Structures are given as C-alpha cells and as structure tokens.
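Q: I have a structure open and would like to go through a few parts of it. Can we start with a helix and move on from there?

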Amino acid sequence: MSIFDHPEQLRAFYAPPDDPASEPGANFPLGFYEDFLRAIKQRGITVLTFDDIFEGSDDWDYQSNYVAEFKHWQKHRRDPAQTYLVIQHDVDNHPHFTSRMVAMEHIYGIRSNIFIFRNRYSRKQANPEYPVDHDFFQAAAQQGFVIGYHQNAFQLTDFKMDEAVQRYRSDVAELRELYDIRYVVPHGGVGAEVNGKMLHNYSVPMPEELRTNLRWVFNGHGVRFTRRWSDGGMRRTRDRKKIREYNLIEKFVDQLKPGTRNFCLIHPQRWGFNIEVDANPVLVDEQWYQQLCRQYPGTVCSNIQEPTGGPSDMAPAPGE
C-alpha cells in the first residue's frame, strides 16, 4: 500500500498550507494547474507519457529527433479524431512542489513525465539542498508516471566537458539504482565559454554506451510535436504577446486540434500558494493574470488589489 491507494491523502497532499506566505514564492497559483487538469479531462484530451510514445519503437536516433517514430505514429497510431498531449515536469528546485502536482494528477487520472537531478547545481552555494522523496516518486513510477534524468553534468563539473561526460554516466548509473531511467532532458540555466564558444548542459554529448538504452527527448534534441507550451523564461520576457501565451488554458489547451500531438513543460516550483506577482511587471499588468491571483482560496498574492465589488464579482475559475 502507498499514498496512491488513498485518494483522501493525495488530496490533503496538495491542499493549501496553513500559512501560504511561509512557502517559497511561485509565479502561478496551484489551483490554476488543477483547472488545467480539469480542462484536459473535460475536452477528452489523451495524455501520453514518453513510454506511451515509444512503446514498440526501435527508434533511438535522437539526432534526427526520432523521425522514424513520428512517421510510424502518424501512420499507425494516431487517431485523427483524438487530441494528444505530453506533460513534462523539470524538477529544478523544491521537489515537494512536484510531489503535490503528481498527487493532483493521479486524482485526475493523468500521468506525467518527471525529470530529476542526481544533485542540484547552484552558483551561490556548494552542495545545495535537493530533498527528493524517492519513496514517493518510486511509488509514482509504479502508477505509470515516468521518471527521467535531468542532466546538469556540465554545471556540476565546473564546466569541464570531459568531466561532464563522465558525470553524465555516473548520474545515470546512480539514478538507475532507484528508477528505470529511459529518458534524459538537459537542464537549461547558466553555461560557460569554452575555447571561444558558449556551451551549456545540452552541449554535453550522450555517452556512446547509453545511446541504445536512453532517449534524449527535449532541449537540444527531442520528440516531435505540433504545438509546445512552456512556463520557462517568464521572468525575463517583456514581449506582451509572449506573456499572454502563459494563459495556459485559453491560449493553449483550448486551441489544441484533433489529430495533433502536443507538449507542455511545467516547472512545478513555479506553481504554488505564495505568488510573487512582481516577478514580471508586464505579466502582473495583464487582467487575466490579476484574475488568477485573486480567485483561488488559500493563495497569497501580494500587490494585487481586490476589485471594487469584492470577491463576489469575480468570474468562476477556469474549467468550472
């Protein structure tokens, strides 16, 4: 028996904390993510994992971005009346935020792909905390969630490429002691100039012996999709059109079309109950974002004023 056998415990896992302001700051209310899951179910969207995509496939050619897999899927596996979606979580920080998202997904009968570090890198401190609840994620894997390797070997080896390749190997080996690691996604973040060229984690080549048992599925190489959505880059961008694309349900889910295979990248640490609305001055100026920051019980959003008519004038949450 695990927590996944007890729906009431899972719901308690992602309930608002007694003091939302005490948890690390986030950018979007976790309640908005639950509305996203509701929208997926209401629209009858089929959510796939990378295991589902590569089931029965012998395509390991990440450098072609799996052209054979995609051709096979279009010809033999795609239902033109069905809409498909892959959800990926990159666990960069605060792994507990991912655990409660996974608990929520399980309640809605949805499975995601979860990419974790072996160790987290920080420019500010050596050996930063990265408290992954491996028992929880191992139980999630038993329920069909996919656990993969979030590759940050270049950063962890102080930007030394030869050492990074060795670290890549050892990270995969260590994580495979805990999980059936079949997929890898390089982490973004800071890079370094080497011999006049700027390199990043995605510049690290996959070790030769892993190329027939590990698939590179995003960031540099990856699976083919019709549309992609990501919550990445939201602090830096000042492009108002791009900002409006962060409206996940209206600008993404509602626009997905039958017969297409689509992708959504969620960084769980960006979704919580203590919303830092000043993270992007253009985003906080958007009325739809202000609405999000007011409508979810148990969520603290600083610097957002209540509308004149009070909470009763607010529209219902998306998906309700």
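Q: Which residues of α8 are buried?
A: This is a predicted model, and in it the buried residues of α8 are A164, V165, R167, Y168, D171, V172 and L175.

Q: How are those buried residues arranged when seen down the axis of α8?
A: They fall within an arc of 160 degrees, so they line one face of the helix.

Q: And what covers the buried residues of α8?
A: The cover includes the strands β4 (113–116), β5 (146–151) and β6 (183–186), and also the helix α7 (153–156).

Q: How many residues does α8 have, and how far does it reach?
A: Helix α8 runs over residues 161–175, which is 15 residues. From its first C-alpha to its last it reaches 21 Å, close to the 21 Å expected at 1.5 Å a residue.

Q: New topic: aromatics. How many aromatic pairs are there in the whole structure?
A: A search finds 25 aromatic pairs. One of them is F32 with W271, whose ring centres are 5.8 Å apart and whose planes are at 25 degrees.

Q: Is that pair stacked or edge-to-face?
A: Stacked, because planes under 30 degrees apart count as stacked and these are at 25 degrees.

Q: Where do F32 and W271 lie?
A: F32 lies in helix α2 (residues 30–42) and W271 in strand β12 (residues 271–272), so the pair ties together parts that are 239 residues apart in sequence. Both F32 and W271 are buried.

Q: What about W288 and Y289, stacked or edge-to-face?
A: W288 and Y289 are edge-to-face, with 6.0 Å centre to centre and 80 degrees between the planes. W288 and Y289 are buried.

Q: Which residues form the aromatic cluster?
A: F28, F32, Y33, F36, W229, Y246, W271, W288 and Y289 form one cluster.

Q: OK, on to S57. Where does it lie?
A: S57 lies in the loop between α3 (50–54) and α4 (67–77). S57 is partly exposed, with a relative accessible area of 23%.

Q: What does S57 touch?
A: Not counting residues up to four places away in sequence, S57 touches E69 and R215. The side chain of S57 also reaches the backbone nitrogen of D59 at 3.1 Å.

Q: Where does the charged end of R215 sit?
A: It sits over the ring of W60, 3.6 Å from the ring's centre.

Q: And which residue does R100 lie over?
A: R100 lies over the face of F97, at 4.1 Å from the ring centre.

Notes: Residues numbered from 1 in each chain as written. Predicted model: local features only at pLDDT ≥ 70, side-chain atom pairs only at ≥ 80, totals over all residues. Heavy atoms only, no water. Helix = DSSP H or I, 4+ residues; strand = E, 2+ residues; numbered from the N terminus. Buried < 20%, exposed > 50% of the residue type's maximum accessible area, 1.4 Å probe, protein only. Contact = heavy atoms within 4.5 Å. Polar contact = N/O pair within 3.5 Å; in protein donor to acceptor, adjacent residues only side chain to side chain. Phe/Tyr/Trp six-rings, centres within 6.5 Å; stacked < 30°, edge-to-face > 60°. Lys NZ or Arg CZ within 6 Å of the ring centre and 35° of its normal. Expected span 1.5 Å × (residues − 1). Arc of directions from axis to C-beta.
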